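Please open the structure in a viewer and keep the sequence beside it.

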Amino acid sequence: MYTLFILYNLHIIIGLFILVLGWLFSTYSGIILIRCLYYNGRTRLSSYQEVAEAAFGKIGGWVSFFFTAVTLLGVPVLYFLLAGQNLHSVCIGTRAELTFSIWVIIVAAIVSLPFVCFKSMKEVGFMSAFGMLTTVIVVLIVLVMAVKDKPNQVDIHHDNVIWSEFPIALSSIIFSFGGNPVYAHVEAGMRRPQSWGKVVFAGLSTCAALYFLTAIPGYYVYGNKTQSPIYDSIPAGSAKTASAIIITVHIILAAPILMTSFALDLEKLFGISSFHHSKFMEIVLRVALRLTMVVIITVIAIFVPFFGDFMSLLGAFSNCALILIFPVLFYLKLTGLRNKSWYELILCFFVVLIGIIGLIFGTITAIQALKADFANQ
């Protein structure tokens, strides 16, 4: 009995270790990324891609643009996919029952309204506060329902440590802390940009606290039967339905933020501004570009209906690079090595090392899982 207790606590410790690692490393990379915007002490760079270009030239800029595009288009795909699944499952057996594809299209239409109508991050930023509130509500619902459901879970087991799943677990958690591609635009919209370090630490710490509140009781109660997303694990009923609806609202509020960030980068790349076009033509080109983005995201979401494995692939392939690897390389290249303390250099080494492990092995595992999904479809 004592041995079982030790083993259970071991996998809890490993899981919490990965969460803490993702939280601290993501916070550090978010801070140094913004430092890179001001590296020359005279002008401020405006985007992730400009930082990459300043550090490694045109090639670096295009490489970072590719990874940013994967994330800022891929995450909305994930959001549309999850929202469509939620609405489809909630409405089964009712007069509102529609196919999954139609629900994804409806979600896309709703998201496109603020995305197309609002031009900048300042205009859509307020939506993040409501999105955060919905997340807190769902976490509390899952926490209460999991505790109530514990006596009913009699045939579950808890694995000790599944080392083969470590890279994919790490990459999925890094995905959950992934905000680096939009940080430059967020910081630009702040009243006090000098407080960025405090803001990113507070924001990611809040995310970490919510993950702890969900992960620990969730796995304790459901063990090997834990599903993704977590509210799929709780018993069917009003609480589960409410969770699905609330998360869908969160998705509808959060998606325009990521999409706007990428749209701003594309508009700058294509010269869609009042400096190059008349006001009317600028609006026409902006609307056309953003509607095209919505259509692309919607089509991908309809034909890639595997939430968990798709999330893992995104986290491993793009976010490990954007969040852990690239910011450290940019920071060291732009600000130099000699002015860094030995312990910061060691920290940089481990951040990059963990990022490489997550990218390579996590991507391989996620691709294999997606192949299996499509083969069994």
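At what angle do helix 2 and helix 9 pack, and how far apart are their axes? Select residues 48–91 for helix 2 and residues 238–269 for helix 9: the two pack at an angle of about 155°, with their axes 9 Å apart. Axes here are lines fitted to C-alpha atoms, for helices over the stretch in contact, and angles run from 0 to 180 degrees between N-to-C directions. The angle makes helix 2 roughly antiparallel to helix 9; angles under 35 degrees count as roughly parallel, over 145 as roughly antiparallel, 65 to 115 as roughly perpendicular and the rest as oblique. By class, the contact between helix 2 and helix 9 holds 24 nonpolar, 4 polar and 2 charged residues. Ala, Val, Leu, Ile, Met, Phe, Trp, Tyr, Cys and Pro count as nonpolar, Asp, Glu, Lys and Arg as charged, and the others, Gly among them, as polar. The crossing of helix 2 and helix 9 is left-handed, a term used if the near helix is turned anticlockwise from the far one by less than a right angle, with right-handed used if clockwise.

Before the next selection, some notes on the model are in order. This is a predicted model, in which local features need pLDDT of at least 70 and side-chain atom pairs count only at pLDDT 80 or more, while totals for chains, interfaces and linings use all residues. Residues are numbered from 1 along each chain as its sequence is written, and side-chain values use heavy atoms, with hydrogens and water left out.

**The whole protein**

Now display the entire chain by secondary structure. The protein comes to 12 helices and 0 strands, where helices (H or I, at least four residues) and strands (E, at least two) are DSSP runs, numbered from the N terminus. Of the 377 residues in the protein, 49% are buried; buried means under 20% relative accessible area, exposed over 50%, and partly exposed in between (1.4 Å probe, protein chains only). Among contacts with a separation of 6 or more, 81% join residues 24 or more positions apart, contact meaning heavy atoms within 4.5 Å.

**The nonpolar core**

Select V51, F80, M259, F326 and F330 next. These residues have the most contacts inside the largest nonpolar core, which has 95 residues. Such a core is a set of buried Ala, Val, Leu, Ile, Met, Phe, Trp, Tyr and Cys residues joined through side-chain atoms within 4.5 Å. Helix 2 supplies the largest share of this core, 17 residues. Centre the view on M259: not counting residues up to four places away in sequence, M259 touches P76, F80, V111, F115, M293, V294 and I297.

**Helix 2 against helix 7**

To see the contact, select Y48, T68, T71 and L72 of helix 2 with N180, P181, V182 and A184 of helix 7. This contact of helix 2 with helix 7 has 5 nonpolar, 3 polar and no charged residues.

**Helix 3 against helix 10**

Which way do helix 3 and helix 10 run relative to each other, roughly parallel or roughly antiparallel? Their axes come within 10 Å and cross at roughly 155°, which makes helix 3 roughly antiparallel to helix 10. The crossing of helix 3 and helix 10 is right-handed. Select F100, S101, V104, I105, A108, S112, F115 and V116 in helix 3; they meet V287, R290, L291, M293, V294, T298, A301 and I302 in helix 10. This contact divides into 12 nonpolar, 3 polar and 1 charged residues.

**Individual residues**

Stay with helix 10, where R290 is found. R290 counts as buried, at 0% relative accessibility. Leaving aside neighbours within four places in sequence, R290 is in contact with F115, V116, F118, K119, T260, A263, L264 and E267. R286 is also found in helix 10, which spans residues 279–303. R286 is buried, with a relative accessible area of 8%, and its contacts, with neighbours within four places in sequence left aside, are K119, E267 and I272.

Move to S101 in helix 3, residues 100–117. S101 is partly exposed, with a relative accessible area of 28%.

Finish at L213 in helix 8, residues 196–222. L213 is partly exposed, with a relative accessible area of 38%. Beyond residues up to four places away in sequence, L213 touches V139 and L143. L213 and V139 are 74 residues apart in sequence and 7.1 Å apart in space, C-alpha to C-alpha.
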